Amino acid sequence: MVRDSSGDASSVAWVVERPGPMGSAPLRMLERPVPAPGPHGLLLEVLACGVCRTDLHLAEGDLPPRRPRCTPGHEIVGRVLAVGDAAEGFAPGDRVGAAWLAATCGVCHFCRTGRENLCPRSRYTGWDIDGGFATHTAVDSRYVYQLPTGWPDAEAAPLLCAGIIGYRALRRADLPPGGRLGIYGFGASAHLTAQLAIARGATVHVVTRGEPAQRLALELGAASAGAGPPPEPLDAAILFAPAGELVPVALEALDRGGTLAVAGIHLTDVPRLDYARHLFQERTLRSVTANTREDGRTFLAAATELRPTVRVARYPLDRADRALTDLADGRITGVAVLTP
């Protein structure tokens, strides 16, 4: 926290000034007043914030902005500085995690049937409200998580989206016990999801072009890793790469009855599918949309038990634009994390 010329407290934050390719410098770093928490809110000092591909989609305009000059970042590890009057169960000094899902209506059909991730009035950290590419942020206490003890801040941050979304994608893929899972793209979410699947007895085959990512996949226990097709038919697959042209490729690699889950919020155009080659024999194509809070709690409990390796590339907060540029250019193996 800094003081401006008037003596008032201010926060340093990145904002999406003008969405566009990272080469056009879409982000701007500025000072602004420290946000005040609402009745159910918490004011957080940001200790670490993961850099997600969704942040890149927002900066480059693949996802249309929902509010001007929003601060990206939704894998936030923070220390509570102030607590709203109606916030329960938190006190200054607590370490908490804030993730992508920031609010839901609580009364629609989807919220009432355990599918709050599909709430039409859902709001998201770093898209609808300011996120964690900042020194301070304010979040709704009802949507934050108690974090597993013993995790360093930079390693805990990726669990809050890369981990949670990967967990939901694995559920959506309907992988049978001991099954064969294909993972397409091997970045932040994939390297955590692969470890969870392997721990549950799956055989994991990774399809990715980058040699560093291939090496990491094999280090973490993948049965194969390469740019070509998997060496055997798959019971399930998850597409993490935002490349629509891989949808028919992954579907064709499925065995009869297999399921492909597309994990990203943004995907380039999907080519025309051939029914016999890609969908017949009861192959299934599914999308993954955000997560529920129960997904988050369940995954964090599983992560506490599993203790997956989190491959972190650290960037100081004032290099957030460089972190997103490196992500866009494929220079990050694992996950980038911003720290003060």
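Analyst: On helix 6, the face turned away from the buried side carries the exposed residues Glu211 and Glu219. The model is a predicted one. The helix spans residues 211–219, and its buried residues are Ala213, Gln214, Leu216 and Ala217. Viewed down the axis of helix 6, these buried residues fall within an arc of 165°, so they line one face of the helix.

What do the buried residues of helix 6 pack against? Their partners are helix 5 (188–199), strand 12 (203–207) and strand 13 (224–226). Just after helix 6 comes Gly221, which has a positive phi of about 110°.

Two of those partners, strand 12 and strand 13, pair with each other in the parallel sense over 3 bridges. His205 has Ser224 in strand 13 as its bridge partner.

Both strands belong to an open sheet of 6 strands, ordered 13-12-11-14-15-16 and paired in parallel. Strand 13 is an edge strand, as is strand 16 (284–287), and each pairs on one side only. On average, neighbouring strands of the sheet are turned by 15° against each other, with direction ignored.

Other helices also pack on this sheet. Helix 4 (residues 162–172) touches strand 11 (180–184), strand 14 (234–239), strand 15 (254–262) and strand 16, and its direction makes about 150° with that of strand 15. Helix 7 (residues 246–253) touches strand 11, strand 14, strand 15 and strand 16, and its direction makes about 145° with that of strand 15.

How values were computed:
Residues numbered from 1 in each chain as written. Predicted model: local features only at pLDDT ≥ 70, side-chain atom pairs only at ≥ 80, totals over all residues. Heavy atoms only, no water. Buried < 20%, exposed > 50% of the residue type's maximum accessible area, 1.4 Å probe, protein only. Helix = DSSP H or I, 4+ residues; strand = E, 2+ residues; numbered from the N terminus. Arc of directions from axis to C-beta. Contact = heavy atoms within 4.5 Å. Pairing = 2+ DSSP bridges. Axes fitted to C-alpha atoms, helices over the stretch in contact; angles between N-to-C directions.
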